[in-house]
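Here is a friendly briefing to read alongside the sequence and the model. Please keep both in view as you go through the points.

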Amino acid sequence: MSSWPLVGRAGELDRIVAAMTGHAGNVVVSGPAGIGKSRLLSEARSRAEAGGAGVNWVFATPGGIPLLPFAHLLPARVADGELTRTLTAAAAHIAGSGALVIDDAHLLDPASAALARHLVEGAAVPVVLAVRGEGTAGWWRDLERIALEGLTESDTAQLLSTALGGQVESTLPAHLLRLSGGNPLLLRELVDAATFTEMNGVWRLLQPIFEDTNLPATIAARLDRLAPAVRAAAELVALAEPVGAAILERLIAPEVIAELESERLLTAPPDRRRHLVALIHPLYGEALRATLPPLRARDHRRRLADAVEAAGARRRRDRVRIAVWRVEAGVAADPALLREAAREASEALDHQLAGRLLQAAVDADGSFESRLALVAELPYLGEATRALELARTLEADAQDDASRAQALSALARVHLIRGEITEARNTLAFAAETTADPQVRLRLEISRASLAFAVGYIEESVELADRILQRHPADREVLAALAVTQVRALACAGRTQDAIELAHIALDGIDGPRAELIRMALLQALALDGQIAKAIELGQSALAAEATGTAATWRAYWAHDLGQVFLLSGRPATARRWLREALAVMPIQGIAASPQMWGLDALSEAESLLGDAYRAVQAMERLRAGLPGGFAAPRRSGSVWTRYAEGDLTAAVNLALKQGAELEQAGSLLMASWVLHDAARLGAAATVADDLRRLAASGQSALQALMARNAAALSRRDAAALDEISREAAATGCVLWAAEAAATASQIHRTEGRLGSALASSARLEDLSPACEGARTPGLTSPPAILTRREHEVAGFASRGLSDREIAERLHLSVRTVHSHLHRVYRKLNIEDRTQLPGILAP
């Protein structure tokens, strides 16, 4: 424990150090076992001694020899004579030797307790006591008390991050806090027992925590003393908790239930409609499941399934649990029930469980419905080739238009997941052309619009959706099905107000996974419209609502979108944290044309803005490796900023211009504005100002209009306009753009002799800078504003240690030209040589 940081105890630590150094009265530190009393006292002692104070430490033990805890502080023969003289002599000897810490003071033998009390009452030395419990009973009750509370979630997060050496999954602190109850010692035992894995820079917990060989000693001892029948009953509860009391009474004899209650193993979670029963602490469930023999586990699950089914399985969740229990017990289950359970597992993004349940359904009935559902899950299990073969078989087996359309839609999706864009598009087009059923054709057209968006063809996607909506303006099912992708497509096209309106209409009266996806799309539309604060509020509230349970997997998708909003707002460190987690947790690793294409591009931008060119390049390499042919990535800023982080400013600008033209051609007009605005921020404002103005005029987004005005002001070097843009960007929530505009305005004001205006702009920059989380861009650095783009580029390479010849080769210049650029840089920056460049230039 001493290697873990001391967190959440700053006030208590200061108070104890003050007591040890004689600057405050004596104090008693109280709390339950494992709460960290000794750790806190040890840290306080180190600090007191570092300040020159002496501190003596006494350890109390139960049933000890009189005065034994103080033996190392007492002179020889002090115990001779009667008690009063002994205590007086001992106190006199200890006095002046420094402060006294008595750990576990409640365990002192009577003579030692009398000596401690004598020292306290005589004020001979500063005394600090540590006692177990509340500390309100005992001879120390009149001393000032510091009652230690359990760790908070933020404390736990800090401890885990330190122990594991990096970022931890955001749900992990709350989960381990729930298991440990905030007790640091128990938390340490859990961390030591658990297995963690690092994915994309994020530490995740591999469930379950326990195996039968690594249970905490106190839990193992308590479970081992249970009678066999009582332990078996506790195992049943562990597999089903929370379980209805009526179900438990069907399975367990009354006397065994009574024994469970007398062992204080059961509790009743609150529920308005049912009397539920669970184990008293989640650790007991973890431990029992870890030590449950396989054959007994099968029997328990079979009995649970039979009992819940016999009771009527009145709750929807009951039917799913029956299906899972039967499959895990190896007994037959109704295929329709298995498909329903699989659907719920898939909606919770538990594709492993969904695949197992559907394979059981296929084995049971081999029906078209079971095989069709299995096709959707196989790619997530790394079996895309099998999914393709099965989808083709389904097409051949289809008996009518509707079934054939379902099979072809499934086939198209598998092609998409495999990165076979042309095949996916052709499959859907062929299906739509050859079906006569108007309802089937409608579903296929919706799938075509969704597919067009997924592969980046925004204009095509929007046009398809617009035609569908013209024919079915009031069909709520059509609106909801389209909104999942069309809210995003409309936002990318610059029709942000239309996107927001569609989302609100589609969300009216629906719930479940589809509503969740639409709300995620709404978050993006709000952000691209310039409503940053609303977007962040939506994302954070969704993350808070899904902090536990199976829904926690949805957090990856919310984190993915929220990370991009934070990046847009100019907070790259926060963005990076959420994006890393999203990419680590998303159950779509290795699947082409997935949301990871957006996330990897955004992550590379965040890493670049924070000056980590190596990690930015890593993210871009992952993106390029997974980007299928024919896919028009709708987000392109990451590659631009990666070039900048590598020091190649000219290449970054040229790439932004190229990608802006490609995005506009695909109909992604707002995203084209975004990447062209990046070019303006990198020094090419004059080149892109007209294009940004034209694109903004065709859209509905206030954010897109702000980009155009910012580029125009930069191109004119209009300080007053940049001051206004800085204020507006800050109000919008784009703090990095606001800071850049303030920095540039300050430099222009100063150059043109307006010192007061320059100071005002600088003051705004100073206020905004902390929110930018260490972002490093050309616009935030005043000196490079007086350099040309090429001078900035040459100086950037020189600041990172490249020789003149290496710079010349990198930029395709002559060495003499590099010399000339550097001499002009030195003169403009008023420095002597390249050794002074690091720290002046960014990155």
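Valine 28 has arginine 145 as its bridge partner in strand 5. This is a predicted model, in which local features need pLDDT of at least 70 and side-chain atom pairs count only at pLDDT 80 or more, while totals for chains, interfaces and linings use all residues. Residues are numbered from 1 along each chain as its sequence is written, and side-chain values use heavy atoms, with hydrogens and water left out.

- Helices (H or I, at least four residues) and strands (E, at least two) are DSSP runs, numbered from the N terminus.
- Strand 1 pairs with strand 5 (residues 144-147) in the parallel sense, over four bridges; two strands count as paired if DSSP finds at least two bridges between them.
- Strand 1 is also joined to strand 4 (residues 127-132) by five bridges, and these two strands run parallel.
- In strand 4, leucine 129 stands opposite valine 28.
- Five of the five residues of strand 1 (residues 27-31) are buried, so this strand is largely enclosed by the rest of the structure. Buried means under 20% relative accessible area, exposed over 50%, and partly exposed in between (1.4 Å probe, protein chains only).
- In a regular strand the side chains alternate between the two faces of the sheet.
- From strand 1, Val28 and Ser30 point one way and Val27, Val29 and Gly31 the other, and all are buried.

- Three strands in the order 6-8-7 form an open sheet with mixed pairing.
- Strand 6 (167-168) and strand 7 (195-199) stand at the edges with a single partner strand each, so one side of each has no neighbour in the sheet.
- Strand 7 and strand 8 (residues 202-206) run antiparallel and are joined by five bridges.
- Threonine 197 has arginine 204 in strand 8 as its bridge partner.

**Helix 9 against helix 12**

- The axes of helix 9 (residues 228-240) and helix 12 (residues 282-290) come within 9 Å and cross at roughly 110°. Axes are lines fitted to C-alpha atoms, for helices over the stretch in contact, and angles run from 0 to 180 degrees between N-to-C directions.
- That makes helix 9 roughly perpendicular to helix 12; angles under 35 degrees count as roughly parallel, over 145 as roughly antiparallel, 65 to 115 as roughly perpendicular and the rest as oblique.
- Gly285, Leu288 and Arg289 in helix 12 meet Arg231, Ala234, Glu235, Ala238 and Leu239 in helix 9, where contact means heavy atoms within 4.5 Å.
- By class, this contact of helix 9 with helix 12 has four nonpolar, one polar and three charged residues. Ala, Val, Leu, Ile, Met, Phe, Trp, Tyr, Cys and Pro count as nonpolar, Asp, Glu, Lys and Arg as charged, and the others, Gly among them, as polar.

**Backbone details in the loops**

- Glutamate 241 and proline 242 are joined by a cis peptide bond, with omega about -10°.
- Proline 242 sits in the loop between helix 9 and strand 9 (243-244).
- Arginine 264, a residue other than glycine, has a positive phi near 55°. Arginine 264 lies in the loop between helix 11 (254-262) and strand 10 (266-267), and is exposed at 67% relative accessibility.
- Histidine 812 is not a glycine either, yet its phi is positive, at about 60°. Histidine 812 is in the loop between helix 39 (804-811) and helix 40 (815-829), and is exposed, with a relative accessible area of 74%.

**Confidence**

- The protein chain has a mean pLDDT of 88, with 95% of its residues at 70 or more; pLDDT is the predictor's confidence in each residue, from 0 to 100.
- Within the protein chain, confidence is highest in helix 34 (residues 702-716), at 97, and lowest in helix 3 (residues 83-94), at a mean of 72.
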